[in-house]
Amino acid sequence: MKQFEIKSTIKEYTSLSELSADDQELIAKAHLAANDAYAPYSKFYVGAAIRLENDEICVGNNQENAAYPSGICAERVAVFSASATHPNMKVKKIAVVAHSNEIKIDKPISPCGACRQVLAEYESKSGNIILLLMGETGNIYEISSVKDILPLMFTAGDLGVK
Ligand code: THU
């Protein structure tokens, strides 16, 4: 038997002013997108903003449905939209934030398992995706790769697909 460890490092900022202007802009776009989320059931409004390698920003927000499982998270709306409108353009960063009128969201929120898997595919395809995570207020996490939040990820390589 042998053991191995999987470690991840998360940078935590206490203020937006510690971030670069580009990252502040990306988070601001995610907050704007959260305001437009369609979340009448959860009333949990998530916004995501993606910076592509050509510096364009694509946004997404959660889109819910009366048939609950038909809804989709902000991260997947953003990354699918980016891939649909800019095929083969590398995704460099994604900022994710959440708002609520009912609960205080003062800690970063983190992509769900399905979104991690989807983001991992784009990362395998086009290189590291940096994550910037925030609540409505509070500290910001910066994570340098989707791998850091999805250890032992399943990839196309596991299917023998190159
Ligand atoms: N949601 C997201 O959009 N992204 C996340 O990272 C977590 C959850 C959405 C899904 C659903 O519309 C609502 O938040 C409550 O789960």
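Guide: Two strands pair if DSSP finds at least two bridges between them. Strands (E, at least two residues) and helices (H or I, at least four) are DSSP runs, numbered from the N terminus. The model is predicted, with local features needing pLDDT of at least 70, side-chain atom pairs pLDDT 80 or more, and totals for chains, interfaces and linings using all residues. Residues count from 1 along each chain as its sequence is written, and side-chain values use heavy atoms, without hydrogens or water.

Strand β2 covers residues 44-52 and strand β3 residues 57-61, and the two pair in the antiparallel sense over five bridges. Ile50 has Cys58 in β3 as its bridge partner. Four residues lie between the strands of this hairpin, where Asp55 takes a positive phi near 80°.

From the hairpin, turn to the ligand. β2 supplies at least two residues of the shell around the ligand, and so does α2 (74-85). The shell consists of Ser42, Phe44, Val46, Asn62, Glu64, Cys73, Ala74, Glu75, Ile109, Ser110, Pro111 and Cys112, each with a heavy atom within 4 Å of the ligand.

Glu64 has a polar side-chain atom 2.5 Å from a ligand oxygen atom, and Glu75 has one 2.6 Å from a ligand oxygen atom. Ala74 uses its backbone instead, with a polar atom 2.9 Å from an oxygen atom of the ligand. On its own, the ligand has 370 Å² of accessible area, of which the protein covers 75% (Shrake-Rupley method, 1.4 Å probe).

Note on methods
Polar contact = N/O pair within 3.5 Å; in protein donor to acceptor, adjacent residues only side chain to side chain.
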